[in-house]
Amino acid sequence: MAERRWRWRTAGSAVLRVVVVWAVSTLTMLVLAGALPDFRLQSGDGESITRTALTAAWGAGAFGLLGALVWPVIVRALLLVPALVLGLLVFFLNGSLLLIALWLIPDGRGTANPETAVVVAAVMSAVASATSTALAVRDDDAYRRRLSRLAHRRRRGRGPDGARSATPGTVFVQLDGVGHEVLRNAAESGVMPTVASWLGDTHRLTPWRTDWSSQTGASQLGILHGTNHDVPAFRWYEKDTRRIVVSNRPASAAELQRRAVARTADGGLLTLDGASRGNLFSGGADQLALVLSVAARRGPGHRSRAGYFAYFSDPANAVRTAGSFAAEVCREIGQSVRARVRGDEPRVSRGGLYPFIRAFATVVERDVVVAAVIGDMLAGRAAVYADLVAYDEVAHHSGPHSRDAQDVLERLDRSLALLAKVADHAPRPYRIVLLSDHGQSPGTTFAGAYGLTLRDLVRAGCGLPVPRSARRSRSGAEARDAARDALRTALHREVGEDGEEVLPDTGSEPIVLASGNLALISFPDVPHRMSRQEIDRRHPALLSTLASHPGIGFLLVRDEEHGSVVLAADGARVPLADLKDGDGGTLAAFGPGAADAVRRTDGFEHVADVMVNSMHDPRTGVVHAFEEQIGSHGGLGGEQGRAFLLSPFELSPPTEPGRELVGAEQVHRVLRRWLREGQGPQVPIGVPDRARPTGGPVPGPPA
């Protein structure tokens, strides 16, 4: 009997909410009809207020029904449309639905110009969404149901009597690119009040040191799949397949995940009852949204944009996100103009498509991922891992400590506060763990500091043609002079059996790939990793030119006598076995653990012929990115290598007192331990079929 009364009460509340939203939408339509000259709800000779109100009620009802029934079908049909285009289409499609709703009004009394219909539809969707949310907040069950519909999942985690489960779930939120110092400063300065309320009260903050390749591809692969072996950089050339691997390309991400699963014989961190949201890799999760490693797949649940449907199927969400997208584009253009007017330095170009790319990262990706995580929490999933990339994208172009980046952190903090509130309504308790995959180090680009790119410097050191601007730079001129002098010296030394001088074989042009302040140089015509001696015979001035350049910290190259050596300024040549951190060492400026990180990378199969790390000033933290970034990561030096873990006190400490957490693989083991502590998903020894991404050679431009 009590259950029947509860059902009637729930149904009555739902009907009341529908009526209230309909009434508010009707009133909104009447106000807009009076305010906008190209939008009317009555015939030309005028009608009574009652009839006009009935017309508005009919139009508002038709618009609401079309939004509920037709909009999800439209969004599903547009999943193959690029996300940026989809965002721009939202307003047009919503306006089209309004025109259809007006056409359905009897006697054709409702009319509007197409551009006016877009405005009316946007306002009505926003008002209806705000009204529905305000009513639902007063009803916990309705609030949960509304958010659960975003993910279209069956609720789980509650006991048969509806009681909240005692088994906790875990939500891992990765704040991409937010370093340990940046997070701590943002909390202390009030930029991130939610994080500040957790620090020391409910959560502990632990720094962890990244691998040499301090970037998302290596870190997230290690965190989610337990290994990042043979990932030397964000992008690299593989001589055996003659392909360039780029971590954020779908086919490359799928291949990297396949290799990790094969190496560990392990599906990943999220294999059982897990969800992966906005990540490069799946972690073995069954529920996926915006996961790059499965983006190339086809079939139910595996389309690259399947995560959009759950979010954009609500037209209010679509309108709100599209509006925020447009506002973010304008914000970026304004901030870029102000930076140029102020003469901010360092500064990089922020034109072209960048405002739209930034808006996608800071608005669309954030909204879709946060909504998916909310759906996972309300569905009672045991483990969720989500990546929010907004800060990383903005910090690359505005600087990691800029006001632009601080604004993004403020908005991310609000998303964290929302997740914390949703946890109170979830069918099980949730432990929210924040972490980052790396930090960012500031600094002028290499090209901005020295007038030529690293590729130009390498070509000059090889005696190859370079652009006129590079020839005019001091570094380019010195490199070309050194190459000519070295070539003359080599010609006098190399003598054939017949006594004639032998011209050194220059081979094919080198491939130079940048990953932040780390660069990789490969000679594609040589099937093996070249040695220092081989490179010197081919390009006598190259290694000395690079090692002595003030913008370069050190080189790693194989040596026929010592295995591998590190080359640095003033002719320094240190075998890896003798390489040390600390005062006076070749890598002293790069902090503790640098020597071990270099030694580990040297053992990778696909390490480049020459690994180049930029300089680092330990006093200022400055590095020089080999890309167009004034906030960079990918190599050694500064804040980029110091990420963080912010974990609840109820979880065991990440490390023993006095010990440092080093490497993404160690972070994986910590997260896995925490899942076991909560009796969450156990990673099986066997690899389920769904955890095996399609493999094959990594596609890319042939050499």
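What pLDDT does the protein chain average, and what share of the residues score at least 70? I began with this point, since the model is predicted. The chain averages a pLDDT of 81, and 72% of the residues score at least 70.

**Entry 1**

I looked up where the pLDDT falls below 50. Residues 150-155 form one such stretch, and the model gives this stretch 22 contacts beyond near neighbours in sequence. Residues 680-703 also stay under 50 in pLDDT. For residues 680-703 I noted 66 contacts beyond four places in sequence.

I traced an open sheet of eight strands with mixed pairing, in the order 8-7-9-3-10-21-4-22. Its edges are strand 8 (287-289) and strand 22 (661-662); each has a single partner strand, so one side of each is left without a neighbour in the sheet. Within this order I examined strand 4 (residues 203-209) and strand 21 (residues 642-648), which pair in the antiparallel sense over seven bridges.

**Entry 1: helix 9 and helix 23**

I followed helix 9 (residues 216-225) to helix 23 (residues 664-677). The two pack at an angle of about 30°, with their axes 7 Å apart, and their crossing is right-handed. Helix 9 contributes Ala218, Ser219, Gly222, Ile223, Leu224 and His225 to the contact, while helix 23 contributes Ala664, Glu665, Val667, His668 and Leu671. By class I recorded six nonpolar residues, four polar and one charged for the contact of helix 9 with helix 23.

**Entry 2: helix 13 and helix 15**

I next inspected helix 13 (residues 354-379) and helix 15 (residues 403-423). Their axes come within 10 Å and cross at roughly 15°, which means that helix 13 is roughly parallel to helix 15. This crossing, too, was looked up for its hand: that of helix 13 and helix 15 is right-handed.

From helix 13, the residues that meet helix 15 are Arg358, Thr362, Arg366, Val370, Val373, Ile374, Met377 and Leu378. From helix 15, they are Asp404, Val408, Arg411, Ser415, Leu418, Leu419, Val422 and Ala423. The contact of helix 13 with helix 15 has ten nonpolar, two polar and four charged residues.

I traced an open sheet of six strands, ordered 12-13-17-14-15-16, with antiparallel pairing. Strand 12 (511-515) and strand 16 (573-575) stand at its edges with a single partner strand each, so one side of each is left without a neighbour in the sheet. From one strand to the next the twist averages 20°.

Leu555 has Leu567 of strand 15 as its bridge partner.

Which helices lie across strand 14? Helix 17 (residues 454-461) lies across strand 12, strand 13 (518-522), strand 14 and strand 17 (610-614), and runs at about 150° to strand 12. Helix 22 (residues 594-602) lies across strand 14, strand 15 and strand 17, and runs at about 40° to strand 14.

**Entry 3: backbone exceptions**

Most residues other than glycine have a negative phi, and most peptide bonds are trans. Glu345 and Pro346 are joined by a cis peptide bond with an omega of about -5°; Pro346 lies in the loop between helix 12 (315-342) and helix 13. Ala265 has a positive phi of about 50° although it is not a glycine, and Ala265 lies in the loop between helix 10 (250-264) and strand 7 (274-277).

How values were computed. Residues are numbered from 1 along each chain as its sequence is written. This is a predicted model: local features need pLDDT of at least 70, side-chain atom pairs count only at pLDDT 80 or more; totals for chains, interfaces and linings use all residues. Side-chain values use heavy atoms; hydrogens and water are left out. Axes are lines fitted to C-alpha atoms, for helices over the stretch in contact, and angles run from 0 to 180 degrees between N-to-C directions. Helices (H or I, at least four residues) and strands (E, at least two) are DSSP runs, numbered from the N terminus. Angles under 35 degrees count as roughly parallel, over 145 as roughly antiparallel, 65 to 115 as roughly perpendicular and the rest as oblique. A crossing is left-handed if the near helix is turned anticlockwise from the far one by less than a right angle, and right-handed if clockwise. Contact means heavy atoms within 4.5 Å. Ala, Val, Leu, Ile, Met, Phe, Trp, Tyr, Cys and Pro count as nonpolar, Asp, Glu, Lys and Arg as charged, and the others, Gly among them, as polar. Two strands pair if DSSP finds at least two bridges between them. pLDDT is the predictor's confidence in each residue, from 0 to 100.
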